[in-house]
Amino acid sequence: MEKLEWLADGVELPELDFARYARWIEEVARRHCRILGPVVYIFCNDDKIIDVNRQFLNHDYYTDIITFDYSRGKLISGDLFISLDTVATNAELVGATYCNELDRVIIHGILHLCGINDKGPGEREIMEAHENEALELLKSCQ
């Protein structure tokens, strides 16, 4: 199995240069002193994300990403559900392009697997700083 798996559930798989994204994600993990293990991205719609949120987290709201973390020590691993519907809505709300917002969400899940949180006081700003740094790195990953 490849370290990264890209699946679609009820949506079309986004057109991404998967080899380039794999290099990027692996480098972000490395810069956080982590080793990339098996990570599965599941791109879905809002219906699926709210089902996952209700079933596994007892949350009754839409979100752009849900990260299931199976990491052990420095080896990061997990399942990342991304709602392309919510990504599009959030892009519009924050004035970003859909592609830029999708990139942010893709790396957001990896940063969670690296141990960066965004729920506590001041954590959101720390997460955003790491996201921005990773997004700059993507520009140089060819």
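How many bridges join β2 to strand β4, and do the two run parallel or antiparallel? There are 8 bridges, and the strands, with β4 spanning residues 75-83, run parallel.

## Before we start

This is a predicted model, where local features need pLDDT of at least 70 and side-chain atom pairs count only at pLDDT 80 or more, while totals for chains, interfaces and linings use all residues. Residues are numbered from 1 along each chain as its sequence is written, and side-chain values use heavy atoms, with hydrogens and water left out.

D9 has C44 in β2 as its bridge partner. On the β4 side, Y41 stands opposite L80.

## The largest pocket

Now for the largest pocket, with a volume of about 610 Å³. A pocket is an open set of points on a 1 Å grid over the protein atoms alone, where a 1.4 Å probe fits, with protein on both sides within 12 Å along at least five of seven lines; lining residues have an atom within 4 Å of a point. The volume is the space filled by probe spheres set on the points, which are joined across faces, edges and corners.

The lining has 23 residues, and T63, I65, H108, D118 and K119 are the closest to the pocket's centre.

Note on methods: Pairing = 2+ DSSP bridges. Helix = DSSP H or I, 4+ residues; strand = E, 2+ residues; numbered from the N terminus.
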